Amino acid sequence: MPTHSRRALLGAGIAAAGSGLLTTGAAALDTKNGRHRARGMSHALDPHDGPDAPGSNGPDPASRYVSPEGPEVARTERNRGAGPVRRFTMTAGAAKFDIGGRIVDTWAYDDRLPGKVMRVDAGDKVAMSFHNRLPHSTTIHWHGVQIRNDMDGSPDITQRTVKAGRSFDYAFAVARPGTYWLHPHVGVQLDRGLYAPLIVEDPREPLSYDHEWVVMIDDWLDGVDGMTPDAMLAELNKNKPGGAGGHGMQRHGGRSAAAASRWRRRVRHGLFDDPSDSVDHPFHLINGRAARDRETFRAKPGDRIRIRLINAAAATAYRVALGGHNMTVTHTDGYPVKHKETDSLLIAMGERFDVLVTAKDGVFPLTALSAGSKNQTAQALLRTGDGDAPDEKIRPTELRSGGLSADKFKAAASVRLSDREPDRTIKMDLTGSMEDWDWAINGRPYTDSQRYAVHQGERVRIIFHNKTTMWHPMHLHGHTFALPDGGPRKDTSIVLPDKKVAVDFDADNPGLWMLHCHNVYHSESGMMTILGYKTK
């Protein structure tokens with residue numbers, strides 16, 4: 001992962017071409033070059049199921065919802081402003097990488113792992129020409145961005161999938177600074193190499209630092225011993241009527257299916273008894289590299305470094321520490337918090353933390369230890385001086401505390417959600433078991449016809465009740481919510497087994513929005529649903 005000097009970033013600006021005003025409108029499919037232009041989704045928006053119980057436990061079956069390409073969405077986008085356009089291109093395609101000494105076949109963005117850092121300023125408009133050279137349909141989801149609904153990347157909900165050999169133009173404004181990332185939202189493609197950071201700079205950045213280090217943590221199984229994520233998902237769901245309940249997957253047989261069956265037996269026999277992870281990933285990576293080939297970030301003693309930590313894993317939470325250092329946490333999920341010092345953090349799938357460290361003199365391990373019982377690690381190095389690198393298996397003493405989770409922080413005053421009673425409360429029981437692999441919300445596995453109704457302008461409270469023995473990082477698209485009692489603004493939050501978490505958000509971004517567990521093997525097996533804005 002490229003590293004950046006703060007001064008160089010401010011001086012050089014953003015490495016993207018073009019400026020001016022970007023317009024979006026109804027999409028057309030350009031059959032000559034296979035490109036979807038700016039929009040293209042008008043089907044699969046109105047059918048619904050479940051009891052008519054708005055504001056309660058069941059999906060609302062009423063038929064009138066805001067369309068992803070409707071005037072309400074366009075009006076909200078105009079209100080985000082008309083800053084300069086930053087143009088990018090990205091290609092998803094087959095790739096080969098050395099993962100822990102093994103050459104694996106996988107998929108990646110622009111033949112990089114992770115994909116190249118995208119940088120824009122808050123207020124800019126992103127114009128991304130995306131080309132799909134995969135053998136399968138895909139989309140891009142812009143995780144954490146309060147985006148216009150028709151650019152969210154939810155297949156057959158906010159856009160048609162980008163077919164193999166086709167292209168699509170993503171175009172949207174980014175109003176808020178923060179640490180975000182992008183990944184597919186089709187099947188378990190996230191568990192390949194398809195992910196990249198999106199950094200939205202604050203033109204009035206209040207923090208002072210010398211360098212920035214973007215750190216993406218990932219669990220890896222694709223291409224190892226014949227394994228693929230699709231084969232694993234199929235194996236996990238093989239005894240369910242109708243198979244998986246998510247956004248679709250490729251079917252795999254032969255070697256991939258046999259490998260998945262072997263790994264499935266290991267999980268079933270309890271060798272990986274971990275409440276956060278139900279799939280055995282043989283490798284854990286920082287910025288695409290296993291510990292035996294770890295990345296080195298170089299700085300000088302006394303330098304102040306901003307580390308942007310992103311958990312891009314499919315099914316693993318991590319406890320993260322920088323040996324010999326404390327970290328000052330400044331942001332969670334892109335939003336500022338009251339600064340707090342800690343020796344380590346607990347980071348669930350989809351979560352992000354920004355921290356500041358003052359570098360000491362020497363060589364120090366940045367270690368991500370898988371949460372639970374497996375005790376596998378990813379590692380990188382911070383080098384500020386001479387000396388031998390520590391052993392790749394070292395566990396910094398800072399990890400012994402277990403790590404602070406996001407609920408231990410408070411939102412900064414500038415972003416704290418105003419005090420207000422909810423206009424609507426939605427109860428969501430998280431249900432399912434390892435034995436039956438029947439993950440669901442309120443006992444209903446995902447279908448694309450589900451809707452939980454909200455209205456523009458409402459304060460909405462969602463009460464998650466985890467009735468399973470696993471823990472689930474729940475992610476809401478297109479919004480941030482607040483944890484209780486002045487807690488941080490988040491888009492992804494851990495819900496522990498047999499616990500309740502109430503989150504509040506303002507319904508200020510109309511459309512149809514996915515809400516799901518960010519363990520991709522849970523969401524794609526049914527623990528996913530849709531919040532829909534009702535028309536007036």
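**Salt bridges and buried strands in a predicted model**

Author: In this predicted model, the side chains of Arg-306 and Asp-354 meet in a salt bridge, 2.8 Å from N to O. The pair links distant parts of the chain, with Arg-306 in strand E15 and Asp-354 in strand E20 (residues 352–358), 48 residues apart.

Reader: Are these two residues, Arg-306 and Asp-354, buried or exposed?

Author: Both Arg-306 and Asp-354 are buried. For Arg-306 the relative accessible area is 3%, and buried means under 20%.

Reader: With which residue does Glu-205 form a salt bridge?

Author: Glu-205 forms a salt bridge with Arg-306, and their closest N and O atoms are 3.0 Å apart. Here Glu-205 sits in the loop between E11 and strand E12 (211–220), 101 residues from Arg-306. Glu-205 has 16% relative accessibility and so counts as buried.

Reader: What about Arg-119, which forms a salt bridge too?

Author: The partner of Arg-119 is Glu-201, with 2.8 Å between the closest N and O atoms. Because Arg-119 lies in strand E6 (residues 118–121) and Glu-201 in strand E11 (residues 196–201), the pair ties together parts that are 82 residues apart in sequence. Arg-119 is buried at 8% relative accessibility, and Glu-201 is buried with a relative accessible area of 8%.

Reader: How many salt bridges does the structure hold?

Author: The structure holds 27 salt bridges. Through shared partners, salt bridges join Arg-119, Glu-201, Glu-205, Glu-212, Arg-306, Arg-308 and Asp-354 into one network.

Reader: Back to Asp-354. Which residue is in contact with it?

Author: One is Thr-330, whose contacts beyond four places in sequence include Asp-354, Leu-207 and His-339. Thr-330 is found in strand E17 (residues 327–332) and counts as buried at 0% relative accessibility.

Reader: A change of topic: why is strand E27 largely enclosed by the rest of the structure?

Author: Strand E27 (residues 472–476) has 5 of its 5 residues buried, so it is largely enclosed. In a regular strand, side chains alternate between the two faces of the sheet. On one side of E27 are His-472, Met-474 and Leu-476, on the other Pro-473 and His-475, and all are buried.

Reader: And which strands pair with E27?

Author: E27 pairs in the antiparallel sense with strand E30 (residues 492–495) over 4 bridges, and the bridge partner of Pro-473 there is Ile-494. E27 also pairs in the antiparallel sense with strand E32 (residues 512–517), over 3 bridges. In E32, Leu-515 stands opposite Leu-476.

How values were computed: Residues numbered from 1 in each chain as written. Predicted model: local features only at pLDDT ≥ 70, side-chain atom pairs only at ≥ 80, totals over all residues. Heavy atoms only, no water. Buried < 20%, exposed > 50% of the residue type's maximum accessible area, 1.4 Å probe, protein only. Helix = DSSP H or I, 4+ residues; strand = E, 2+ residues; numbered from the N terminus. Pairing = 2+ DSSP bridges. Contact = heavy atoms within 4.5 Å. Salt bridge = Lys/Arg side-chain N within 4 Å of Asp/Glu carboxyl O.
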